[in-house]
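Subject: Structure handover

Hello,

I am passing a structure on to you, with notes on what was found in it. Please open it and keep it in view while you read.

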Amino acid sequence: MNISDLDNGTGNGTGNGQGRAADGIDESVTAELARLRDSIDNIDAAVVHMLAERFKCTQQVGHLKARHQLPPADPGREASQIARLRELAENAKLDPAFAEKLLNFIIAEVIRHHETIAAGEE
């Protein structure tokens, strides 16, 4: 058995009479991988939908800021959001540095959208 077989889920699940797939991976391992990957796929879908909802809200913020000539970026808000997210990550046993990187990426995209809206390009 090769570790890449486990990582890629290449087992085809056909038994050989000994509880092993044709490629030598135990069928229970293949079934567990499939179950876990289904959960991961569901979580990924939820993350995408949540990000879409978040960006719908930030687009509205961008339009409000543009109407009132407010700057696209709000460093104070960003700093408080990062601190808040780091604490949430710690409580959830997620690496706070990773959470901060993710939020910084999202914030950069939001600011880009706000700049586009303010320039009248949207």
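This is a predicted model: local features need pLDDT of at least 70, side-chain atom pairs count only at pLDDT 80 or more; totals for chains, interfaces and linings use all residues.

Overall fold

The protein has four helices and zero strands. In sequence order the pattern is therefore simply α-α-α-α. Of the 122 residues in the protein, 19% are buried. Among contacts with a separation of 6 or more, 46% are between residues 24 or more positions apart. The accessible surface is about 8,600 Å², and carbon and sulfur atoms account for 58% of that surface.

The largest pocket

The largest pocket has a volume of about 460 Å³. Its lining is made up of 14 residues, and those nearest the centre are Val47, Leu51, Leu85, Leu102 and Ile106. Helix 2 (27–67), helix 3 (75–91) and helix 4 each give at least two residues to this lining. Helix 4 provides the largest share, with five residues. By class, the lining of the largest pocket holds 13 nonpolar residues, one charged residue and no polar ones.

The second largest pocket

The second largest pocket holds about 340 Å³ of space. It is lined by 16 residues, with Arg54, Thr58, Arg77, Val110 and His114 nearest its centre. Here too, helix 2, helix 3 and helix 4 each supply at least two lining residues. The lining of the second largest pocket divides into eight nonpolar, three polar and five charged residues.

His114

His114 is located in helix 4 (residues 96–118). Is His114 buried or exposed? Its relative accessible area is 4%, and buried means under 20%, so His114 counts as buried. The His114 side chain makes two polar contacts with backbone atoms: one to the nitrogen of Gly62 at 3.4 Å, the other to the oxygen of Pro72 at 3.3 Å. Setting aside residues up to four places away in sequence, His114 touches Thr58, Val61, Gly62, Lys65 and Pro72.

Phe55

Phe55 sits in helix 2. With 18% relative accessibility, Phe55 is also counted as buried, because the cut-off is 20%. Which residues does Phe55 contact, leaving aside its neighbours within four places in sequence? They are Ile106, Glu109, Val110 and His113. Phe55 and Val110 are 55 residues apart along the chain, and their C-alpha atoms are separated by 7.4 Å.

Two loop residues with positive phi

Gln69 is in the loop between helix 2 and helix 3. Its phi is positive, about 50°, although Gln69 is not a glycine. The relative accessible area of Gln69 is 67%; exposed means over 50%, so Gln69 is exposed.

Lys93 lies in the loop between helix 3 and helix 4. The phi of Lys93 is near 65°, again a positive value in a residue other than glycine. Is Lys93 buried or exposed? At 76% relative accessibility, Lys93 counts as exposed.

Regards

Definitions and conventions:
Residues are numbered from 1 along each chain as its sequence is written. Side-chain values use heavy atoms; hydrogens and water are left out. Buried means under 20% relative accessible area, exposed over 50%, partly exposed in between (1.4 Å probe, protein chains only). Contact means heavy atoms within 4.5 Å. Accessible areas come from the Shrake-Rupley method with a 1.4 Å probe; for residues, only the protein chains shown count as cover. A polar contact is a pair of N or O atoms within 3.5 Å; within protein, one must be able to donate a hydrogen and the other to accept it, and residues adjacent in sequence count only if both atoms are side-chain atoms. On a 1 Å grid over the protein atoms alone, a cavity is a set of points where a 1.4 Å probe fits but cannot get out, and a pocket is an open set with protein on both sides within 12 Å along at least five of seven lines; lining residues have an atom within 4 Å of a point. Grid points are joined across faces, edges and corners, and a volume is the space filled by probe spheres set on the points. Ala, Val, Leu, Ile, Met, Phe, Trp, Tyr, Cys and Pro count as nonpolar, Asp, Glu, Lys and Arg as charged, and the others, Gly among them, as polar.
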